Amino acid sequence: MIKFFRKIRYDLMEKSKTRKYFKYAFGEIILVVIGILIALQINNWNEEKKVFQYQTKMLHEIRNELIKDTLYFSEIIDKVKNVREEAGQMFRLLGESNVSNDTISKYINILPESYEFTYHKGAYESLKSTGLDKIKNDSIRRLITDMYDFTLPRTEMYIKFLSEQFEKYQKSVDFVDFKFEKEDNRKIMVLKPKPNYLKDQNLIKSTFGLMSTLVKIINRLTKEKEKCKTLLLTLNQELE
């Protein structure tokens with residue numbers, strides 16, 4: 001094809017058809033420009049396709065991690081609710097008389113328990129390292145960044161602070177003795193209440209504070225769960 005155009009140029013020059021030659025040269029330049037523009041447009045299409053594929057891939061990964069976190073939050077909420085119920089049962093026994101050690105022991109062995117707030121953020125960190133602008137939908141990008149840069153980190157700090165309340169509670173358990181017992185041919189540690197523990201004011205205050213802390217954890221995790229569900233719904237609509 002190049003040899004064909006070159007031959008035409010030579011024929012025009014040899015026949016002194018200068019005007020026709022310039023028309024032809026101008027037309028050839030136009031064709032080259034059009035060819036370059038088409039190549040650039042094709043390249044842009046290919047780049048946009050790559051960005052779209054990457055965006056779709058990352059949104060799928062974020063969605064999968066949110067599903068895991070939502071299930072995890074549900075498990076922790078159920079677990080904390082159970083402990084909250086046990087704490088309430090124990091609180092109602094405090095100050096009472098004629099309560100057997102076995103009855104109160106089962107509550108004491110459950111209560112001194114802290115919780116660690118964790119969540120998946122690998123997909124978001126990967127997206128962040130390559131550029132959040134890869135997400136073309138502005139509203140989704142804002143929801144994702146708000147979730148991972150603000151909401152979840154703040155909740156992590158909040159749960160960590162509340163866990164310190166568990167540590168204070170554990171330090172106040174001088175109303176119990178730590179003992180080892182055998183169970184299925186293995187040694188386990190159990191907590192045994194000391195005499196007159198039911199009227200211990202420190203125990204009453206600590207247990208009430210623990211109940212309040214558990215409620216705060218439940219409320220915070222419930223809010224996080226609902227926010228995750230909202231973001232999941234938005235991602236599902238975007239990926240459909």
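## Terms and basis of the model

A residue counts as buried when its relative accessible area is under 20%, as exposed when that area is over 50%, and as partly exposed in between, with a 1.4 Å probe and protein chains only. By this definition Asp-138, at 38% relative accessibility, is partly exposed.

The structure is a predicted model, in which local features need pLDDT of at least 70 and side-chain atom pairs count only at pLDDT 80 or more, while totals for chains, interfaces and linings use all residues. Residues are numbered from 1 along each chain as its sequence is written, and side-chain values use heavy atoms, with hydrogens and water left out.

## Salt bridges

The structure holds four salt bridges, a salt bridge being a side-chain nitrogen of Lys or Arg within 4 Å of a carboxyl oxygen of Asp or Glu. One of them joins Arg-141 to Asp-138, with 2.6 Å from N to O. Both of these residues lie in helix α5, three residues apart, which is about one turn of the helix; helices are DSSP runs of H or I with at least four residues, and strands are runs of E with at least two, numbered from the N terminus. Arg-141 is partly exposed, at 24% relative accessibility.

Another salt bridge is made by the side chains of Glu-61 and Lys-57, at 2.8 Å from N to O. Glu-61 and Lys-57 are separated by about one helical turn, because they stand four residues apart in helix α2. Glu-61 is partly exposed, with a relative accessible area of 29%, and Lys-57 is likewise partly exposed, with a value of 44%.

A further salt bridge is found between Asp-149 and Lys-128, whose closest N and O atoms are 3.3 Å apart. This pair links distant parts of the chain, since Asp-149 belongs to helix α5 (residues 138–171) and Lys-128 to helix α4 (residues 122–130), 21 residues apart. Asp-149 is partly exposed, with a relative accessible area of 39%, and Lys-128 also counts as partly exposed, at 39%.

## Aromatic pairs and a charge over a ring

A search of the whole structure finds four aromatic pairs. Tyr-72 and Phe-73 form a tilted pair, with 6.1 Å from centre to centre and 55° between the planes. Rings of Phe, Tyr and Trp (its six-membered ring) pair if their centres lie within 6.5 Å, and planes under 30 degrees apart count as stacked, those over 60 as edge-to-face and the rest as tilted. Tyr-72 is partly exposed, with a relative accessible area of 26%, whereas Phe-73 is buried, with a value of 1%.

The pair of Phe-117 and Tyr-119 is tilted because the ring centres are 5.7 Å apart and the planes stand at 50°. Phe-117 is buried, with a relative accessible area of 6%, and Tyr-119 is buried too, with 13%. Ring pairs link Tyr-72, Phe-73, Phe-117 and Tyr-119 into a cluster.

Elsewhere, the charged end of Arg-220 sits over the ring of Tyr-158, 4.6 Å from its centre; a charge sits over a ring if NZ of Lys or CZ of Arg is within 6 Å of the ring centre and within 35 degrees of the ring normal.

## One side of helix α4

The buried residues of helix α4 are Ala-123, Tyr-124 and Leu-127. They lie on the same side of α4, because they cover an arc of only 95° around the axis, where the arc is that of the directions from the helix axis to the C-beta atoms.

## Contacts across the chain

Leu-94 has its place in the loop between α2 and α3 (101–108), and it is buried, at 10% relative accessibility. The C-alpha atoms of Leu-94 and Ile-204 are separated by 6.7 Å, although the two residues are 110 residues apart along the chain.

Glu-226 is placed in helix α6 (residues 201–239) and is partly exposed, with a relative accessible area of 41%. Between the C-alpha atoms of Glu-226 and Thr-70 there are 8.4 Å, while 156 residues separate them along the chain.
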